[in-house]
Amino acid sequence: MRKKLLPVLIHRLPQNAMSRTMGKITASRFSRLAIQRYIRHYHIDSTVIEKPVSQYRTLKEFFCRRLKPEARPIAPGDHVIVSPVDGTVSQMGDICEGTLIQAKGKEFDVVELLGGSAEEAKRYYGGKFITIYLSPRDYHRIHMPVDGDLIRYCYLPGRLYPVNKLGIENVDRLFARNERLVTYIKTKDMGDLALVKVGALFVGSVKVSYNTATTNIKHGRQTSESIVDTPHYQKGDELGWFEFGSTVILLLESNHLKWAEGIESGKSLLMGQLLAEKTE
């Protein structure tokens, strides 16, 4: 009975309102009382955190914590792509005829994921994709996977279905229906990339470092804008953060790339770890 009820219930929840409420609760000064319990429950290694746990004023502030610089070394090389986040590989592979895999028997397309722009989506046909899930225990800052210029972003309002196993297996086209914030990156000789940050149930919002764009806005409208001055970021530079867990989908235009050894579905990743390298 429970297995049948839950998939129906997740469609009826006031997801966006619940997520905004969660954001307010975790930003309250009383939420700091839950930090130590949170650390114990999720077995978080506090030795790599940027500052002492006692200095975090709220649970949200702790959740968005930075790490010591040496905690996440960045894979060297001019023609490599690194993981933008800590997390677990949910799906990965080639983008065949504009289609991405969500789960066994479930697919969605690049056009819908990127907000309906067929011209933009076709850039990634024949390229590669990787979907990385961030659990509550993971480090939730998002970093540059390559050296490149930030050329444009797109905010796509939508639902906030859970992105855990329950949501993945029961919500068709989940990643193309949830709120997204897409950052487009141009590189010198590695092709273009789209870094899709997907919102989820209880994610207060997604923030970026290059402007004030954010998600989970009440009555938010789809927005697509060039990024002022086209800033250049180095591989490993901080790009943004999740205020509670979610998922990143990385779209790679170039088909002259190969996945690094050991990168496969179910594999845990650390930010800065080698993901793929140029083949020619």
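The side chains of aspartate 86 and arginine 72 make a polar contact of 2.7 Å. This report starts from that pair and then turns to other parts of the structure, which is a predicted model.

**Aspartate 86 and the annotated positions**

Aspartate 86 sits in the loop between strand E1 (80-82) and strand E2 (87-94). Its relative accessible area is 3%, so aspartate 86 is buried. Leaving aside neighbours within four places in sequence, aspartate 86 is in contact with Arg72, Leu134, Asp138, Tyr139, Leu269, Leu270 and Met271.

In an unreviewed UniProt entry, the feature "active site" is placed at Asp86, His143 and Ser246. From this set, Asp86 belongs to the lining of the second largest pocket. Serine 246, also named in that entry, is found in the loop between strand E13 (238-243) and strand E14 (247-252). Serine 246 is buried, because its relative accessible area of 0% is under 20%.

**Lysine 60**

Lysine 60 is part of helix H4, which spans residues 59-63. Its side chain makes a polar contact of 3.4 Å with the side chain of glutamate 243. Lysine 60 has 17% relative accessibility and therefore counts as buried.

**Cysteines**

The structure holds 0 disulfides. Cysteine 64 counts as buried at 7% relative accessibility, and cysteine 154 counts as buried at 3%.

The table collects the accessibility values given for single residues.

| Residue | Relative accessibility | State |
|---|---|---|
| Lysine 60 | 17% | buried |
| Cysteine 64 | 7% | buried |
| Aspartate 86 | 3% | buried |
| Cysteine 154 | 3% | buried |
| Serine 246 | 0% | buried |

**Nonpolar cores**

In soluble globular proteins, nonpolar side chains tend to be buried together. In this model, the largest nonpolar core has 36 residues. The members that touch the most other members are Ile81, Ile130, Leu150, Tyr210, Leu250 and Ile263.

Which residues does leucine 250 touch, not counting residues up to four places away in sequence? They are Ile81, Lys128, Phe129, Ile130, Pro145, Leu193, Ala194, Leu195 and Leu275.

Key:
Residues numbered from 1 in each chain as written. Predicted model: local features only at pLDDT ≥ 70, side-chain atom pairs only at ≥ 80, totals over all residues. Heavy atoms only, no water. Core = buried A, V, L, I, M, F, W, Y, C linked by side-chain atoms within 4.5 Å. Buried < 20%, exposed > 50% of the residue type's maximum accessible area, 1.4 Å probe, protein only. Contact = heavy atoms within 4.5 Å. Helix = DSSP H or I, 4+ residues; strand = E, 2+ residues; numbered from the N terminus. Polar contact = N/O pair within 3.5 Å; in protein donor to acceptor, adjacent residues only side chain to side chain. Disulfide = S-S within 2.5 Å. UniProt positions renumbered as here; feature names shortened; annotations may be inferred. 1 Å grid on protein atoms, 1.4 Å probe; cavity = no way out; pocket = protein on both sides within 12 Å on 5 of 7 lines; lining within 4 Å.
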